Amino acid sequence: MEDVAKLAGVSLKSVSRVINAEPHVSAKLRAKVEAAIAELNYVPDTAARSLAGSRAFIVGLLFDNPSPNYTMNIQKGVYETCRDQQHHLRIDNIDSTVPAEKFEAQLAAMVRNSRCDGFVLTPPLTDNVVLLDFLDRSGIRYVRIAPDIQPDRSPGVCIDDAAAAGAAARHLWELGHRRFAVVRGPASHGAAGRRRQGFIDELHRLGAENPIIEAEGNFSFESGIAAGAKVLAANPRPTAIFAANDDSAAGVMVACSQAGLKVPNDVSVCGFDDSWVAKSVWPYLTTVYQPIEEMGRAAAALLLRRDEPDNVLHELDFSLVVRASTAPPPQ
């Protein structure tokens, strides 16, 4: 650090403030220090930094999400920010379905053993009040991804799920579809509920008169097959199905095949996420792109940015990606 300070022409304290991502560091100072770090190929010693202060330089990522694609991409984004800011990443899968007393015991053991400086929470843990209350009582900082309840309770990152699902509804309507079905996500997942409501609200705004068929999904491929079979059994059959994520949409496409129906000739299918699954099925899946990796990166950055106000919810952009799984309804 002394070598970095000498080369940059700044104080040792200034170098420390830049390395630790402290607030109120000017862009000019940060650029000088980062240039010196790059020239000297300096890598901060995390263990020494931990011994020198009260921080462990470890970020915790908590998940309890049935979609492996979503979880993998969030982890990738969080890891990239941790790597760039010289922090370690610890990942824990927390079972939120156990009784509250056992859940709290799990949390206490995890916090005791992890020594994390803070946590990134992913849905549905994002809205788990037992977890939020525990972290607040423990004085542990956290950032939530796609919060539904009390969105101003902590820093957070999200997209406008309702508007994104509304874009999917508009696309299917403009293709000429008038009989729709929705495969919902888990009831505990706030973003899934917003997607369902946004899709239905937009159809009603457009003038939909036919009942919208619904089936329970769980953000998994298998649940998509079961839900797809259920909605396809309706009479009259829907000509367009919206699933709350890509995994379940892929399952819906299997259900269509099992029923002897072709996508999109007989039934159009639309998903949500634009995960790798969307281009692992045939035909390629029309879906809503949400920047999952970017959300992970942004959440970790917010956690490490100590001067961030606690009530800020950062909204990122989405887009509709039209591929071959949607087409006009059969005549």
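I began with Phe-199, which is buried because its relative accessible area is 0% (buried means under 20%, exposed over 50%, partly exposed in between, with a 1.4 Å probe and protein chains only). I noted that this is a predicted model, where local features need pLDDT of at least 70, side-chain atom pairs count only at pLDDT 80 or more, and totals for chains, interfaces and linings use all residues. Residues are numbered from 1 along each chain as its sequence is written, and side-chain values use heavy atoms, with hydrogens and water left out.

Next I looked up the aromatic rings. I found four aromatic pairs (rings of Phe, Tyr and Trp, the last by its six-membered ring, with centres within 6.5 Å; planes under 30 degrees apart are stacked, over 60 edge-to-face, the rest tilted). Trp-173 and Phe-180 are stacked, because their centres are 6.3 Å apart and their planes at 10 degrees. Both Trp-173 and Phe-180 are buried.

What kind of aromatic pair do Phe-180 and Phe-199 form? I read it as edge-to-face, at 6.2 Å centre to centre with 75 degrees between the planes. Phe-180 sits in strand 6 (residues 180–183) and Phe-199 in helix 9 (residues 190–206), so their pair ties together parts 19 residues apart in sequence (helices, H or I of at least four residues, and strands, E of at least two, are DSSP runs numbered from the N terminus). Trp-173, Phe-180, Phe-199 and Phe-242 make up one aromatic cluster.

Then I turned to strand 9 (residues 268–273), which holds Phe-272. Phe-272 is buried, because its relative accessibility is 0%.

Last, I checked Asp-317, in the loop between strand 11 (313–315) and strand 12 (319–321). Asp-317 counts as exposed because its relative accessibility is 66%.
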